[in-house]
Amino acid sequence: MTERNSWNYRNPCLTMHQPWASLLVYGIKRIEGRSWPAPIRGFFKQQIIPTSGKRGKKIIAKRGIEKCRLWIHAAGKVPDEATIKAMEEFYREIYAVDGIYDLKFPENYPVSRLLGCVEVVGCSRREELACWKEVPQGARLEALTDFCWLCEQPQKLLVPFEMRGNQGVYNLERKIYEAAVRGLAPVQSPLPTKFPLPNPHDPFSLKPGSIFARFPGSKATEMEKSSALSSAITGAQAAATQFSKKDQSSCNDAIQNRNRTDAKRIGQFESKSWENNRSPAGNFNKGSNRGARLFLKQGQSSYSEHDGISSHNQLPRADSNQPLRPPSKYFY
């Protein structure tokens, strides 16, 4: 994957875990929650428009608005049935708030595949989205993270592409993009949602703080939640939290196993150095210590070539002094 500086993407892609990735591409999930603001939104594009006048045809350049297409890739972790059930129940309940009861969920949740794309039209903070009365109430209930990426116009690939992902937002390889863009099909969302721009003349106006600026003093109204809805929200949060804890536990186990392996290798190396370098006085060559350290360093570097598909799966180095921290993303 070719990665570029923030805010400068050609064909941006985001790797997500299942079932959240498919739910977004199928138009069921409308809010992608992150702990950081969306680095991509719509942009201006020069358009050449032929017009006719008294002196014949003229070419006039106008600045058009092009929305940002974000490609969605599913990570390699297979979701368990409990997680799928919890998330489907969550969306079933929040759509029922808006009178939508017939939801068609994906038949399967493929992994390590490019699934499709959505258009990111803006970004807001959780407390802003929760009080934004111009969007459906069910969409407001999705505001469970610090920053909410607002997604419209989902499209799915008729044949998902197998590929490796990357961390954060990154650019698709050109050959993958050219093949994928020909295989897109529009998706009919259960309740198509449009996020109105605070300033219709500014395509970049939908950003953190803009909703409160447009509606000063607005507050989230406390809606009455049925026991089923409250249970579904709690279940979805638990599924995401449990998912993160599983990754954290796997990360800890992997580091412990790696440290044990490294210690064993050092012991074997020093034992061999003792045999090869011992002197009549019974002392081994001082250079063997340096060799053991070099051996350890080389061994660790081989582990650093990690197949990173998500920040949740990225393993810190064994010699890192940084403490293990839970993933920054709380709800997908």
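Start with strand S5 (residues 68-74): it runs antiparallel to S6, and 7 bridges join the two. Strands here are DSSP runs of E with at least two residues, helices are runs of H or I with at least four, and both are numbered from the N terminus; two strands pair if DSSP finds at least two bridges between them. This is a predicted model, where local features need pLDDT of at least 70, side-chain atom pairs count only at pLDDT 80 or more, and totals for chains, interfaces and linings use all residues. Residues are numbered from 1 along each chain as its sequence is written, and side-chain values use heavy atoms, with hydrogens and water left out.

Pick His-73 next; its bridge partner in S6 is Leu-114. Now select all of S6, residues 113-125: 11 of its 13 residues are buried, so the rest of the structure largely encloses this strand. (Buried means under 20% relative accessible area, exposed over 50%, partly exposed in between, with a 1.4 Å probe and protein chains only.) Move on to strand S7 (residues 147-162), which is antiparallel to S6 and joined to it by 10 bridges. Click Arg-125 and you'll find Phe-147 of S7 opposite.

**Then the rings**

There are 4 aromatic pairs in the structure. Rings of Phe, Tyr and Trp (its six-membered ring) pair if their centres lie within 6.5 Å; planes under 30 degrees apart are stacked, over 60 edge-to-face, the rest tilted. Show Trp-71 and Tyr-177: their ring centres are 6.0 Å apart with planes at 90 degrees, so this pair is edge-to-face. Trp-71 sits in strand S5 and Tyr-177 in helix H5 (residues 174-180), 106 residues apart. Trp-71 is buried at 0% relative accessibility, while Tyr-177 is partly exposed at 23%.
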